[in-house]
Amino acid sequence: MNRRYLYIRRWLKRCFLALMTAFLVIFEFNLNPGIQLAVPFAQAKSNSHQSNPQSLVEQAQKLYQDGNYTLAIEILEQAIEAFQASGDQLGEAMALSNLALVVKQLGQVQDSYSYILKSLEILKTNKNPQLLAQTLEIQGNLLLELGKTQEALDSWQQAAKIYTQLGDEVGKIRSFINLAQAEQTLGLYRQARTNLQELVKSVEKQPDSEMKITLLRSLGDVLQLVGELPDSEKSLQQSRDLAEKLRSPNQLAETLLSLGNIQRGFGKSTNNQQNAINGERSTPLRYVTSDPNHPISDEASKYYQQAVQLYEQAATVSNSPVVQVQAKLNQLSVLLEMHNWLQAQQLYTEIKPRLSQIPINQTAIFARINLAQSLVHLKQATNVNIPGWQEIAEDLATAIKQARNIGDQRSEAYALGVLGGVYLETKDFANAQKLTEQGLKIAQSMQMGDIAYLWQWQLGYIFKIRGKIPSAIASYEQAYNTLKSLRNDLVALNPDVQFSFRDNVEPVYRQFVDLLLQPQDQSGKVSQKNLQKARDVIEALQFTELENFFRQACLQPSTKNIDEVVDKTDSKTAVIYPIILKDRLEIILKLPNNKELEHYTINKQANEIEKNLEELQQALREPDEINNVKKLSGQVYNWLIKPQENKLVEMNIKTLVFVLDGSLRNIPMAVLYDSKEKNFLIKKYAVALAPGLQLVDPKPLQRRKIYALTAGVSQKREFEKRSFSPLKNVKDELDKIQSVIPRHKRLINQNFTEDNVRYQIKKTSYNVVHIATHGEFSSNAEKTFILTWDQLLKVKDFDQLLRLGNSSKSRAIELLVLSACQTAMGDKRAALGLAGIAVRAGARSTLATLWSVDDKSTADLMIKFYKQLEDPKLTKAEALQHAQLDLIEQ
C-alpha cells in the first residue's frame, strides 16, 4: 500500500459526504429513495412563476448525477442568469450553491468557494433557513478542502443548529457526520468516534434509511482509523446488511469498498509484522516487495483474498462507473501486494478502457494517476515490457493536461511529481528533477503539505544520486519539517492500512539520517551540527512511530533540551542511539556534560544485523543455548559498546540508556557479552531503555517508602478464541512481594478486574503497580494487551486505567512492573508494544519481561529488586542491576 491512497481514498470519502449534503438536498429530488428529504424546493422560488430556471436546474441535476460536470456548469450558469432576470434571489442563491458544488468536483475549490460566498450574501437579506442550512453544509465541505478545518466545523455546527430548530432529523444527522469528518482532520479521532457512536445510538429506533447506512459506514471508517478493527468490521457489516435490505446498490458498493479496505489492512499488517526488514522505499514511487525468502504468509494471503472478493462485489453491484473503477483499482493494488503479477496484468487491461468512460473531473484524473502508479509497481517487480515506460508517461501527461484544463491544481501537482518519478525510473534525472520541482512548486503555493513532502523527498533522492549532497540534505530537511507540520495528519496517513507509516514516513527519517551521517569533507568525520541534527531526527522518529502505534497524536514531548535531560539527571549516565540503515549500523553516543556527541559506524548490511538479532532472540528462549547466546550477543556487544568502551571507562559511566531501533528492541541489552572479559554487560553497567528522551521526565522514586498495588492471574483463562495456561508461580511471587512490601494491596484472580484496579488507583496513592499475568507486546496496538480475570485489557485502555486520580504529580505512578508478559512471536517490531504500554500507562518507569518465564527465578528476582529499591543511593536501573547480579551469582 502506498501514500497515494491518503488523498485518493480520503478525497472520495469527502466527495461522497459533499454529494450527500449538497446536490441531492439542494435540488430536493429523491434520487436515493431511502433518504427522506425535507421541503420541496419549489417553495424557495416564491419570486418567480416561470418554470424555465427550475427546468434548467433539473437538467443540471441530471447531468451532475451522470458525472457530466462541465455541461452541468453551463446549464447552471444559464439558470442563474434566468433567476436574476426574474428577480428571484432565493432561486439564484440555490443555483449558486449548486454551481459551487459542481465546480468543486472539477477541483476548482477557490472558484467554488467564491460562489458559496455569493449565495450566503444573498441569504443574509432573503431569509430561508432550510436553504441557508444546506448552503452552510456545502461551505463546510469547501472549507475542509481548503484546509480551514476549524471554520468548516463552525459552518457545520451552524447547519446542525438550524436543522435542529427546523426539526429536520436527516439534515441534522448529515451535519453531525460531517462534523466527525472535521474532527478527524483536526486529529480528534477518538472524539469523532465517540460522537458517531452516540449518533448511531440516537437513530436506532428510527426507520431504516440510507442515512443510517452512511452513518454506520462513517463509524466503521473512523473505528478503522483509530485501530479498532474488529469493531470497525462489525459496524461496516451492519451498514452492508442495511444496504442489502434497502436494495441500495451504490450505498452497498461504498460499504463493500470499506470492508475490503479492512481486510487489506489486516493482510498488510500481518505481512509487515513478519517481514520487518524486507527493504526500504527510496522514493515515493519506488515500491518495496517482500523478500522472496519471506513470502506472503498464509494468514496475510487469506485477508488479501477476502479483500479481492469484496472489491469484486463492489464493482459488480455498483451502478456508478466511478465506484466500479475505484473497486478495480483497489483490487489491482491488492493483487500486486500478493505478488499475483499475471492477474494484475490482466486486470490492468480491463481498467484502462474504463477510465475513458468517466467524465473528466478530479476523480477521473486521480484514477488515471492511481493506475499509472500500480503499473510502475508491476514493472519494478517483474520488469515486463507491457505496458512500456513511454505508455505510462503518456497516461500521466494526459492526467496533467486534464488537470490544467479544469483548473485542478491538486491533481496537477500530484501527477507532475509521479511523472517525475517515472523519469527517475528511466534514469532521465534532468527531467525527473524538473517535473518534481514543478509539482512541488504548485503543492507549496497551495499549502498541500501531504503532497509537498513527497516531492521534497523525491527531489532529495534525485540530488543524492546526482552527487549534489548539500542540496539533497536541504530537500530532505524540508520534507522532514513538512512531516512535523503534518503531525495530526500523519496519524491518519491512510485510513485503509494501519502500517503505511513504514512505507511513507519512516524512509524519509532514515534517509535523512543516512545523509547527515556521511562525512562531507576530506577529514572523514561528521560535523557536530549534522550529528546533533541526526540525533534530533532519530528522537523524532521514535516519537512519531509511537504516535502511529496509537493511531492518534496523543504524546507531549518534554519541554527540556535533550542534553539537559542527560546532563542534569545523572552525571554517570550515557545515552546510546543505534540506528540500523540499509548498508550500515550508525551509533551516536551522548556522554554527560559533554557538548560534543561521539559517533561511530559499523559497516554491516541491515539484513546481516537483523539475521543475528533474530537468531539471538530465539536462542535466548532456550536454556541450553547459552554458548550460542554468548556468541551472538558478543557480536552485538562489539557493534554497540566496544568502539567507545574506553571513553565509558574514562567518564566512570555507571548506567547506559539505550534508545533502540528496529529489532534491537527485542533484545535485552543486559545480555550483551564481552568475550574478552567473559562478562555480560549487566556486570559492568546498569541498563535502561527509553523510547526517546523527548518522552522522558526522569525523577527518582520518592525515597523510599513503597506503596504497591499487586495483581495477577494464576488460573487458566480463555478469551477471544485464545487459551492462557495457568501461571503456577504467580501466587508465590505476590506472596513474596507482600513479605518485603508491607504497604500494599493485592488483587488476584477473580479480584483482578479493570474496575477494581481503577477503584484502587483512584482511592489510594500507590507509587508502584506490579502485575503478574499473561500479556503480549505487538507492533499492532490492537494485539497488545495484558490478561485480567475477565478480559484482555488492550494498551489503549491503559491511559484511563492508571492515570485516574493522578491529577497531581505527587500521585503519579512511579513504577509499573509486568512480570509474565512476552513479545509476539514472529513480530519483529513487537517491542514497540512494550514502549506503547510504558508511555500509555503514564508510569515514570516500566519494568517488563520480553518473554514469559513462570518459575521461581522470577519471584526471586522481584524480591531482590524491591529490596534494592529501598536503598536511596541506587537508581531504579541500578537496583535492577544489583538484583540481576545476585541472581546470576546464585
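Visitor: Where is the place of Arg247?
Guide: Helices here are DSSP runs of at least four residues, numbered from the N terminus. This model is predicted. Helix 12 covers 229-245 and helix 13 covers 249-274. Arg247 sits in the loop between helix 12 and helix 13.

Visitor: Is Arg247 buried or exposed?
Guide: Exposed means over 50% relative accessible area. Arg247 has a positive phi of about 55°, although it is not a glycine. Its relative accessible area is 75%, so Arg247 is exposed.

Visitor: Are helix 21 and helix 22 roughly parallel or antiparallel to each other?
Guide: Helix 21 spans residues 449-465, and helix 22 spans residues 469-485. They pack at an angle of about 160°, with axes 8 Å apart. Angles over 145 degrees count as roughly antiparallel. Helix 21 and helix 22 are therefore roughly antiparallel.

Visitor: How many nonpolar residues are in the contact of helix 21 with helix 22?
Guide: Helix 21 brings residues including Tyr453, Trp457 and Phe463, and helix 22 brings residues including Ile469, Ala472 and Leu483. Seven residues of the contact are polar and one is charged. The nonpolar residues number ten.

Visitor: What percentage of the protein's residues is buried?
Guide: The protein has 36 helices and 18 strands. Buried means under 20% relative accessible area. Of the 890 residues, the buried share is 62%.

Terms used: Residues numbered from 1 in each chain as written. Predicted model: local features only at pLDDT ≥ 70, side-chain atom pairs only at ≥ 80, totals over all residues. Heavy atoms only, no water. Axes fitted to C-alpha atoms, helices over the stretch in contact; angles between N-to-C directions. Helix = DSSP H or I, 4+ residues; strand = E, 2+ residues; numbered from the N terminus. Parallel < 35°, antiparallel > 145°, perpendicular 65-115°, else oblique. Contact = heavy atoms within 4.5 Å. Nonpolar A, V, L, I, M, F, W, Y, C, P; charged D, E, K, R; others polar. Buried < 20%, exposed > 50% of the residue type's maximum accessible area, 1.4 Å probe, protein only.
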